[in-house]
Amino acid sequence: EKTCTLPQFKAYVRDWRQRLTKVFTRVDDAVPKVQSKISTGLQNLVRSTFVTPVNRIVDLTQCRFLKVEYGNLVDGLCYRGVLGFRNIATAYVVNGALTVILVFFTYIIWRRTYDNVEGFAADKRKVVPV
């Protein structure tokens, strides 16, 4: 922490652009000198720590079992899946037909009950001579 007066602070802020220009000029001058070191060093680091171990693992594995499993996967998704979707569609059609039948019978029961209630109410309204 540095203490300063207001005029000193104003001068510090006013010279900020100059300081930033100086810093970025240094960075721009340093990039061409170290760019090749960074790119080759980074490539070598990625190659030695990631690419080479992964390639070694892939080269040492035997993936013969995947051929059979992949075939089963394609068979299941393409052929058995289509049959399953067809069965689901058939179930929806049957469900719709049964729902229509159920609605019809429910209407019959409701209509009979409604007519009975209306009939009883009409009988109560009739005046019976005594």
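**View 1. Gly 96 lies in helix α3.** This is a predicted model, in which local features need pLDDT of at least 70, side-chain atom pairs count only at pLDDT 80 or more, and totals for chains, interfaces and linings use all residues. Residues are numbered from 1 along each chain as its sequence is written, and side-chain values use heavy atoms, with hydrogens and water left out. Helices (H or I, at least four residues) and strands (E, at least two) are DSSP runs, numbered from the N terminus. Gly 96 has a relative accessible area of 33% and is therefore partly exposed; buried means under 20% relative accessible area, exposed over 50%, and partly exposed in between (1.4 Å probe, protein chains only). From C-alpha to C-alpha, Gly 96 and Lys 2 are 83 Å apart in space, and they are 94 residues apart in sequence.

**View 2. Val 93 also belongs to helix α3, which covers residues 64-125.** With a relative accessible area of 60%, Val 93 is exposed. A distance of 58 Å separates the C-alpha atoms of Val 93 and Val 46, which are 47 residues apart along the chain.

**View 3. Helix α1 (residues 6-14) meets helix α2 (residues 16-60).** Their axes come within 4 Å and cross at roughly 40°. Therefore α1 is oblique to α2. Axes are lines fitted to C-alpha atoms, for helices over the stretch in contact, and angles run from 0 to 180 degrees between N-to-C directions. Angles under 35 degrees count as roughly parallel, over 145 as roughly antiparallel, 65 to 115 as roughly perpendicular and the rest as oblique.

**View 4. Residues of α1 and α2 are in contact (heavy atoms within 4.5 Å).** On the α1 side are Tyr 12, Val 13 and Arg 14, and on the α2 side Trp 16, Arg 17 and Arg 19. The contact of α1 with α2 has 3 nonpolar, 3 charged and no polar residues. Ala, Val, Leu, Ile, Met, Phe, Trp, Tyr, Cys and Pro count as nonpolar, Asp, Glu, Lys and Arg as charged, and the others, Gly among them, as polar.

**View 5. The protein chain has 3 helices and 0 strands.** Its radius of gyration is 43 Å, well over the 14 Å that the globule rule gives for 130 residues, so the protein chain is more spread out than a compact globule. The radius is taken over C-alpha atoms, and the globule rule is 2.2 Å times the number of residues to the power 0.38. The C-alpha trace spans about 120 × 70 × 25 Å along its principal axes. Of the 130 residues, 0% are buried.
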